[in-house]
Structures are given as C-alpha cells and as structure tokens.
Amino acid sequence: MSDSDSDVPFEHLAELDKLIHEPARLSILTALSSCGQADFTFLQRLTGLTRGNLSSHLSRLEEASLVDVDKSFEDKTPVTTVSLSENGRRTIARYWDDLQALRDEADRWDADDVESTG
Amino acid sequence: MSSAEARASDPPRSPDQVWFFTQYYHQLKGLCYAPAGGLLLLGVLGGLLVRPQMLIYGAPLGAFALLVLTSPWVWYMHRRYESTYGRVRNREGPGSPLGTPNVFSAWTFVPLLTGAFCWIALITFYIPQHTPLGDNHFLVFFPGWLLIVASLPAPLPHLRWTYATTGALLFLAPLLPLITTNMVLVQAVNYGLLGAVLLGVGLYNHRLLVSTLGPIHDTREVSADE
C-alpha cells in the first residue's frame, strides 16, 4: 500500500484480497489459523453455514491453495479434515497486516485530509 | 425449523469470537470437568460437617483422587462433544495465532510470568516454612492461571470478567495461610473454592458452547461431511 498524503484510506479497501475478505471464508480461515486442523462438522457449527455453502467455500479456498482438505473414513463414516496450507497461512497473515495498515491510516486520517482531497 | 437450519441462517461471527472458540474449544467443554468440581465441593462441605480435621491432609488427596476417578466421565463427555460439535486439533509447535488481538505480547506476558514465578516461590518456599501446612495448593493454582490467561483474549466483556475474577480468586486463595493459622479453614476455602469454580465455570462454558454452536443433543450433524 502506498503512503502518499493525498491518499484516502478507504481507497485501499479495494486492494484487499476479495477471496479472503468474504465474511464466511474469513471465518473459516480465522478458525483454521488458530488450530492445527478442524473437521467439517466443527467448521459448519462455528460458521453457521449450510453444508452446501461450507463445501462450496472450502472448494474455492482449496482451489486457491489456501487450505488442505483431507477426506477419509472412520468406522464407515466420512470424515473431512481441513487445515491451513503454508500458502494460506502466509496469505491470511498478509491480509491481517493489510487490514491493520488500513486501520492505522484511517486513524491518522482527519478532516483536513478531506479538504485536501476534495 | 430445526436448530441446525436456524443456525445456518445466522450471520457469520466476528473473527475474535471465531478465534476464541477454536483456540479454547477443548477448555470450553465444561461438562467434562463440572461434575468433578461439584463432587469436590460436596466432599469439602461434607468433610466440614463430619470430620473437619480430616480436610487438612485429606483435601488434596481427595481432589487428586476425584480427578482420577472422573477421568472415564471426562473421556465420555469429550467424545460426546466431538461427535456433536466436531474435532479440532491444536497446532503443534510454537507460533502465535494469526489475526488475533495482540494480548499475548511481551507487555502482557512478562508481568504475568513474573507474577506467577513470585507466586510459585511464595507458596513453594515461604508458606511451607512459615506455616504448619505443607500443602502448596498447586491444584488450585493451575486452574486459576489458565483462567487468567484465557481472560485476556476473551471476546466478550462478561466472559473476560468471569474468567479474570474466578482466576484471581483461585490465585489468591492459596495465600490464606499468610493471614490465618486455622488450617481447616485454609483447606476448606481452597478446595471448596476450587470445586465451586470448576463446577461454575464448567457449567458456564458449556452454556457458552451450546449458545454458540447449538444444542449438544443435536447429533443429526455427526455425519455432516461432504
């Protein structure tokens, strides 16, 4: 993100990674970033998403190589385990850094900046 | 509409809440340890009524025995929680969680660790030498320490206050021998408080988990896998 004086902080919102910024996917990635791995049931309970929605979000995250999805059977019951990939860990860390930078910029931003940009 | 369908329409939770419930999922399984707390509290109250002197040496042994005896129940409830709410495996190795409130910084942990070391030195060396009681109440200290640590990133004010207050009580109770020589009172307060906190916080945590993740008897989602 550039640090020019004429910049308005909200302009940088468009630069945030939209794949992660979506609330449901952000919830999934936040949950996975605070544990080693979680199963499908836990993620569904935690995010409140329907089975189909969660599955669709996980597919998108897996396609982007942000999560690793492991499917197995336990006592003839399918178990889907999801964990954050190394790429996912780096990407979400960068996302939080960007968001923090945005908040810092917004804190520094005051009415004078509005006049200078207007 | 079933509870699962109702939850499916809930808006996504804040990242703080998502992080907290994932990070402390195992500790939030309150029904695993609440019964042990209830039995301990009953044991202490019963001991006070029947043979108070027995508490001096019997309380720590009784508390330890209860932990061992209730382990099958802990295992059963752990399985029950996992079959309903799913499994979470904690991350191996060091590294702080991402995108979380910065409460585990050096500014927080250095004073906490210093306080804990001073406290351990006090109950390990000073109290046994200056009071007639040999019990250093580590069984009381550790839950208190865990509660204080959990209170720092807790995403809701009432959660933070509940953990911090109960943690502080467990932290302070072992220092009672510094102001009284009545060892029955010291043991009754320490282990009675430990039992009450385990029972109270256990039920509180269970309620928190149920209100966030849904009812525990709703096992329809056991095989909610795709």
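One term before we start: when I say two residues are in contact, I mean that their C-beta atoms, placed from the backbone, lie within 7 Å. And please keep in mind that this is a predicted model.

With that in hand, let's look at helix α5 of chain A, residues 86-108. What covers its buried residues? Among the elements doing that are α1 (18-21), α2, β2 and β3 of chain A. The buried residues themselves are G88(A), I92(A) and Y95(A). As for its length, α5(A) has 23 residues and spans 33 Å from first C-alpha to last, close to the 33 Å you'd expect at 1.5 Å a residue.

Okay, let's step back to the chains. Chain A has six helices and three strands, and if you start at the N terminus you'll read α-α-β-α-α-β-β-α-α. It has 118 residues, and 31% of them are buried. If you take the contacts in chain A with a separation of 6 or more, 57% come from residues 24 or more positions apart.

Chain B has 226 residues, with 37% buried. Here we get nine helices and one strand, in the pattern α-α-α-α-α-β-α-α-α-α along the sequence. Of the contacts in chain B between residues at least 6 apart in sequence, 77% join residues at least 24 apart.

Now, the sheet. In what order do its four strands come? They go β2(A)-β3(A)-β1(A)-β1(B), in an open sheet with antiparallel pairing. At the edges sit β2 (67-74) of chain A and β1 (88-89) of chain B, each pairing on one side only.

Let's zoom in on β2(A) and β3(A). How many bridges join β2(A) to β3(A), residues 77-84? Eight, and the two strands run antiparallel. You can pick out individual pairs if you like: V69(A) stands opposite V82(A), and D70(A) has T81(A) as its bridge partner. The hairpin these strands form has two residues between the strands, and in it D75(A) takes a positive phi near 50°.

What about helices against the sheet? Helix α2 of chain A, residues 23-33, lies across β1 (37-39), β2 and β3 of chain A, at about 85° to β3(A). Then there's helix α3 of chain A, residues 40-47, which packs on the sheet and touches β1 and β3 of chain A as well as β1 of chain B. The direction of α3(A) makes about 85° with that of β1(A).

Last stop: α2(A) again, this time with helix α4 of chain A, residues 51-63. Their axes come within 10 Å and cross at roughly 75°. Which residues make the contact? From α2(A) we have A24(A), R25(A) and I28(A), and from α4(A) we have N53(A), H57(A) and L61(A). That set divides into three nonpolar, two polar and one charged.

That's my tour, and I'm happy to take questions.

Methods. Residues numbered from 1 in each chain as written. Chains lettered and ligands numbered in written order. Predicted model: local features only at pLDDT ≥ 70, side-chain atom pairs only at ≥ 80, totals over all residues. Pairing = 2+ DSSP bridges. Axes fitted to C-alpha atoms, helices over the stretch in contact; angles between N-to-C directions. Buried ≥ 20, exposed ≤ 12 C-beta atoms within 10 Å, placed from the backbone. Expected span 1.5 Å × (residues − 1). Nonpolar A, V, L, I, M, F, W, Y, C, P; charged D, E, K, R; others polar.
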